[in-house]
Amino acid sequence: MSVLGELVRRKLALFGLVVITVVVGAALLSPWITPYPPDQQMFDGLTLEGAPLPPSAQFWLGTDLLGRDLLSRLIEGARTSLVIGVVANGAAVFIGTLVGVTAGFFGGWIGTILMRATDLMMAFPALLLAIVLAALFTPSLWIVALVIAMVNWVQVARVIYTETRSLSERDFIEAEWGIGAGRGRILVRHMIPHLVSIMVVWGTLGIATTVLLEATLSYLGVGVQPPTPSWGNIIFENQTYFTSAPWLVFFPGIAIILLALSFNLVGDALRDILDPTQKGRH
Amino acid sequence: MTSERQQDNDTAAAPVLTVRGLRTQVATPRGPKIVVDGLDLDLHPGEVLCIAGESGSGKSMTSLSIMGLLPQPMARVVGGSVTLDGRELVGLGERQMRALRGAEISMIFQEPMTSLNPVLTIGRQITEAIEAHRPLGRAEARTRAIQALEAVRIPEAARRLTQYPHELSGGMRQRVMIAMAMACGPKVLIADEPTTALDVTIQAQILELMRDLRRDSNTAIILITHDMGVVAEMADRVIVMNQGRVVESGPVLDIFERPQAAYTRDLLAAVPRLGANAGRDGPARGQPGRPAEAAPAAPPAEPAPVVRVRDLTVRFDITGGLLQRVVNRVHAVEGVSFDLTPGETLAIVGESGCGKSTTGKALMNLIPWQGEIVIDGTATHGLSRRAMRPVRRHIQMVFQDPYASLDPRMTVGELVAEPLVIHGLASGRELDDRVAELFRRVRLEPEQRHRYPHEFSGGQRQRVCIARALGLSPRVIVADESVSALDVSVQAQVLDLMQELQDELGLSYLFISHDMAVVEQISHRVAVMYMGRIVEIGRRRDVFDTPRHAYTQKLLQAVPLPDPRNRRDHFRKLDGEIPSPVRPLDYAPPPQYFMDVGPGHRVAADPLGAAP
């Protein structure tokens with residue numbers, strides 16, 4: 001059975017898959033499906049006193065402080081958040097895996113240098129680093145994604161390094177050397193498949209934290225610049241009004257949680273499907 | 001012995017522990033499974049009851065059920081009763097159970113390292129066990145702890161209290177575990193494979209200790225083991241279990257001499273017996289337990305050796321301190337020399353840490369080593385991985401744990417095909433045929449090759465490992481404890497297969513093992529290793545029938561025999577620990593001299609000879 005077929009067969013994974021598809025679809029089609037232009041400040045989007053409107057038939061999810069339609073901004077913001085969550089986090093996992101595996105598998109002075117560098121990065125406050133990097137380059141969506149990847153690979157590298165080291169000690173790897181397998185084969189055929197589950201976990205768990213990191217950067221003015229919406233910066237723009245206009249924090253919050261949860265569910269299922277010892281056990 | 005047995009009969013009226021119709025159920029992905037089915041037992045004071053069986057027989061589940069220590073929530077007792085001194089234990093609350101555990105009924109486990117807390121001192125752990133049940137002050141508890149340690153014959157008991165588990169050897173740790181279990185004077189001690197993880201000489205000491213405890217304190221012991229030798233040495237009565245059911249139970253002599261159930265007979269027949277091959281040259285052939293056929297004597301006189309080892313030395317650096325400088329060295333293997341001729345099985349025996357596995361790994365070039373190794377004409381010292389590759393076609397290795405040595409993410413077919421692919425020996429259709437042929441050769445169905453290792457039993461997995469090694473048509477196979485992890489019946493089958501392959505293909509085996517009985521059955525020649533050195537080497541018959549080195553004698557003495565009429569009371573002579581091979585940097589190993597004591601039979605006459 002194909003991997004996709006297996007995924008669909010599992011109810012929770014199917015749910016995740018549907019949510020992800022909806023969000024990706026919305027992000028791609030946003031110019032055509034937003035009920036209002038996301039940046040448009042509407043006169044009827046505010047009460048007479050200038051307060052935002054709660055959800056209604058006209059504005060499904062309500063409006064924000066400037067009278068903009070929240071649903072439209074969420075749909076538009078899905079683009080930013082997906083790029084940050086998927087691309088930036090994916091890049092972080094990729095870099096981290098590369099560094100961790102290289103250091104763990106080849107060891108020697110290369111390994112020492114790589115892991116010392118990783119430790120150094122870890123000791124440095126991630127946010128500070130992000131701010132410095134973001135200040136050096138003009139913030140744009142892709143720069144922010146790059147900055148986040150540069151900050152987030154460290155933990156992945158550390159975890160992958162440890163796992164690679166412990167895999168190297170396993171009997172079956174020794175048995176592979178014994179039959180004359182070369183480095184490339186051991187790495188690709190026998191180590192990477194065992195690291196996939198960690199990569200999947202980080203790839204999915206990391207999405208929520210990355211989206212929030214982007215929000216923090218936005219809040220500090222070095223993230224994605226207004227008026228471009230992202231789920232994170234919608235929350236941060238509006239958090240002070242949580243008591244008077246809770247929907248402004250509630251809906252983007254739900255969006256982030258749902259997306260992260262969905263990636264987690266799909267990731268969990270993927271990990272099980274790719275592990276032959278888990279077959280028939282879910 | 002006789003008087004003790006008499007005493008058992010006197011007390012037979014009042015069992016201290018009674019189990020009736022015990023049923024234990026475990027939830028599995030495929031629904032609930034009964035793992036203990038209708039077990040009955042009576043345990044009298046001062047009696048040793050052995051529960052024997054192979055893996056999956058339910059013997060451990062039985063003990064956990066009695067102790068109320070079943071893994072929650074997967075397993076639970078679903079029927080029957082357990083009465084300790086007239087008190088029903090099934091259905092007792094956790095709090096009440098806890099008051100009984102350690103005080104009335106105690107348990108010791110297989111792994112003495114993992115059952116002790118590594119960050120607490122021995123003293124803290126023992127006094128904790130005492131204070132949990134007795135309202136004693138600190139000082140009193142400490143006195144009790146010292147008494148408990150002295151009872152298990154730990155020297156310098158007071159000083160041990162301040163030590164941590166890692167400072168003690170495996171045998172000492174198991175003594176501490178027993179001391180903890182016995183500290184409150186329980187009526188029943190359950191010992192689950194208490195000596196399985198220990199070396200045979202240490203095992204003998206622990207068994208001797210348990211015998212004494214039984215005699216001194218009249219504690220009733222349930223001893224759970226897979227080792228029929230241990231059963232014969234220890235048991236008054238025996239329960240044989242298979243697949244959760246009691247197959248047979250009775251006095252130990254009846255079980256060994258007049259087994260009623262077919263299963264018991266098969267089990268006993270499969271047990272390799274030390275001495276079964278005495279007075280014969282060459283390995284035993286045919287089904288173990290049956291009279292061995294006239295085995296081919298030693299292989300043809302002195303052909304060119306296929307493996308030649310001279311002065312093999314392996315040392316591992318131990319780094320420490322801030323700068324990670326080398327502070328000590330483990331002298332794992334020290335100046336070992338031997339030859340392996342075609343079609344011959346050379347066994348390397350010794351206890352853990354003696355360097356036997358390291359020797360095997362050095363032959364495979366898996367670790368750095370010094371000296372000279374010539375494999376089929378190629379000197380392998382300092383060969384790069386690429387240069388070593390053609391040599392690996394002549395020498396292959398089969399590891400101890402077949403599950404750990406197979407990549408769990410590959411099908412067994414891919415795993416068996418892999419060496420052929422790596423060495424470019426076959427591809428496409430031919431590869432498929434070769435793999436199928438290899439499967440048939442080790443008596444596995446070729447149709448099973450699309451399955452994964454975890455879908456096979458231990459014996460089948462080891463067959464996969466053997467098929468994998470055979471793929472390259474090697475001349476030598478290094479078998480590192482290759483049958484040690486298997487149940488005896490499976491072990492016998494795998495040994496048969498190995499001997500058959502040797503006869504057909506002329507393979508040479510370097511058979512690394514701690515099991516003297518298995519070695520006696522399979523090998524042509526034997527090398528005994530101690531502290532990284534060979535102390536005795538020669539034809540199997542010479543080494544087993546007329547051992548010359550003190551250590552060889554001690555090793556042979558310590559093996560428990562599966563014969564309850566031949567119990568030995570000289571275990572006590574086997575005191576002492578195996579010294580550590582960790583040496584300071586400037587340590588120069590003393591030279592070693594060998595004496596020829598017979599044709600090809602050489603014995604070390606070194607200073608070490610005096611030690612063991």
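Me: Which residue takes a positive phi just after H12(B)?
Reply: The model examined here is predicted. In it, a residue that directly follows helix H12 of chain B has a phi of about 60°. That residue is Asn365(B).

Me: How many residues of helix H12 of chain B are buried?
Reply: Helix H12 of chain B covers residues 356-363. Among its buried residues are Lys356(B), Ser357(B), Gly360(B) and Leu363(B). The helix is largely enclosed by the rest of the structure, because the buried residues number eight of the eight.

Me: What share of the 612 residues in chain B is made up of buried residues?
Reply: A residue counts as buried if 20 or more other C-beta atoms lie within 10 Å of its own. Over the 612 residues of chain B, the buried share is 48%.

Me: Which residues does Cys50(B) touch, not counting residues up to four places away in sequence?
Reply: With residues up to four places away in sequence left out, Cys50(B) touches Leu223(B), Thr225(B), Val231(B), Met234(B), Ala235(B) and Val238(B).

Me: Which element gives the most to the side of chain B that touches chain A?
Reply: The contact takes 22 residues from chain B and 18 residues from chain A. On the side of chain B, helix H13, strand E16 and helix H14 each supply at least two residues. The element that gives the most, with three residues, is H14(B).

Me: How many nonpolar residues does the side of chain B that touches chain A have?
Reply: Sorted by class, this side of chain B has four polar and seven charged residues. Its nonpolar residues number eleven.

Me: What is the radius of gyration of chain B?
Reply: The secondary structure of chain B comprises 20 helices and 23 strands. For 612 residues the globule rule gives 25 Å, and the value for chain B is close to this, so chain B is as compact as a globular protein of that length. The radius of gyration of chain B is 26 Å.

Key. Residues numbered from 1 in each chain as written. Chains lettered and ligands numbered in written order. Predicted model: local features only at pLDDT ≥ 70, side-chain atom pairs only at ≥ 80, totals over all residues. Contact = placed C-beta atoms within 7 Å. Helix = DSSP H or I, 4+ residues; strand = E, 2+ residues; numbered from the N terminus. Nonpolar A, V, L, I, M, F, W, Y, C, P; charged D, E, K, R; others polar. Buried ≥ 20, exposed ≤ 12 C-beta atoms within 10 Å, placed from the backbone. Rg over C-alpha atoms; globule rule 2.2 N^0.38 Å.
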